[in-house]
Amino acid sequence: MQQEYAADRYPCLRYFIGDVRDPERLHRAFNHIDIIIHAAALCPNCEIELTGVRPGEKMHEVMIPQNEARNTYEYDSYYIIQPAYRFFKRAAPCCTGHKVTLDFEYSSETNTDWLQKEELLEFVKTLQDRREPPAG
């Protein structure tokens, strides 16, 4: 896999092997990183050692918990969570998006919008394009 996604083809993609349970190694790996793509997303046929669920390990990430739904507004491609307490004078929230239902929760468990390998690689290319200085 490291050869398939070599630095000369994907200069802004850093290949990293490490144990997710090692905080120091993770800190070094995530230094100056904008986005993380799990290897299984790029190489679905690669051999991965399954170790099972460890005590306290989350199976799904909750980005917007249900208790924040009353302050959450949905837009075409993102959400805005307004503060529960208004620190400034305003009669109504400033958001013009669609207010989500009170039982709303945004979680990886219920996500229906998954990128394919080709879409991930195209996204990585756009990151590289943004970092390259203009020619000339």
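Me: Contact means heavy atoms within 4.5 Å. What share of the contacts with a separation of 6 or more comes from residues 24 or more positions apart?

Reply: In this protein, that share is 60%. The model is predicted, with pLDDT of at least 70 needed for local features and 80 or more for side-chain atom pairs, while totals for chains, interfaces and linings use all residues. Residues are numbered from 1 along each chain as its sequence is written, and side-chain values use heavy atoms, leaving out hydrogens and water.

Me: Which helices and strands does the protein have, and in what run?

Reply: There are three helices and five strands (DSSP runs numbered from the N terminus: helices are H or I with at least four residues, strands are E with at least two). From the N terminus on, the run is α-α-β-β-β-β-β-α.

Me: What makes E2 and E3 a pair?

Reply: Strand E2, residues 72–74, meets E3 over three antiparallel bridges. Pairing needs at least two bridges found by DSSP, so E2 and E3 qualify. Threonine 72 stands opposite isoleucine 81 in E3.

Me: Which order do the three strands of the open sheet take, and which stand at the edges?

Reply: The order is E3-E2-E4, with antiparallel pairing. E3 (79–81) and E4 (98–99) stand at the edges; each has a single partner strand, so one side of each lacks a neighbour in the sheet.

Me: Why does threonine 72 count as buried?

Reply: Threonine 72 lies in strand E2. Its relative accessibility is 0%. Buried means under 20%, exposed over 50% and partly exposed in between (1.4 Å probe, protein chains only), so threonine 72 is buried.

Me: How do you know that the side chain of threonine 72 reaches glutamate 68?

Reply: The side chain of threonine 72 comes to 2.6 Å from the backbone oxygen of glutamate 68.

Me: How many aromatic pairs does a search of the whole structure find?

Reply: The search finds three. Tyrosine 75 and tyrosine 78 form one of them, with 4.8 Å centre to centre and 10 degrees between the planes.

Me: Why is the pair of tyrosine 75 and tyrosine 78 called stacked?

Reply: Rings of Phe, Tyr and Trp (its six-membered ring) pair if their centres lie within 6.5 Å; planes under 30 degrees apart are stacked, over 60 edge-to-face, the rest tilted. The planes here are 10 degrees apart, so the pair is stacked. Tyrosine 75 is buried at 18%, and tyrosine 78 is partly exposed at 43%.

Me: What makes the pair of tyrosine 79 and tyrosine 106 tilted?

Reply: The planes are 50 degrees apart and the centres 5.3 Å apart. That angle falls between the two limits, so the pair is tilted. Tyrosine 79 is in strand E3 and tyrosine 106 in strand E5 (residues 106–107), 27 residues apart. Both are partly exposed: tyrosine 79 at 27%, tyrosine 106 at 31%. Ring pairs join Tyr79, Phe104 and Tyr106 into a cluster.

Me: How do you know that lysine 99 sits over the ring of tyrosine 73?

Reply: The charged end of lysine 99 is 5.0 Å from the ring centre. The rule asks for NZ of Lys or CZ of Arg within 6 Å of the centre and within 35 degrees of the ring normal.

Me: Why does arginine 70 count as exposed?

Reply: Its relative accessibility is 52%, over the 50% limit, so arginine 70 is exposed. Arginine 70 lies in the loop between strand E1 (62–64) and E2.

Methods:
Polar contact = N/O pair within 3.5 Å; in protein donor to acceptor, adjacent residues only side chain to side chain.
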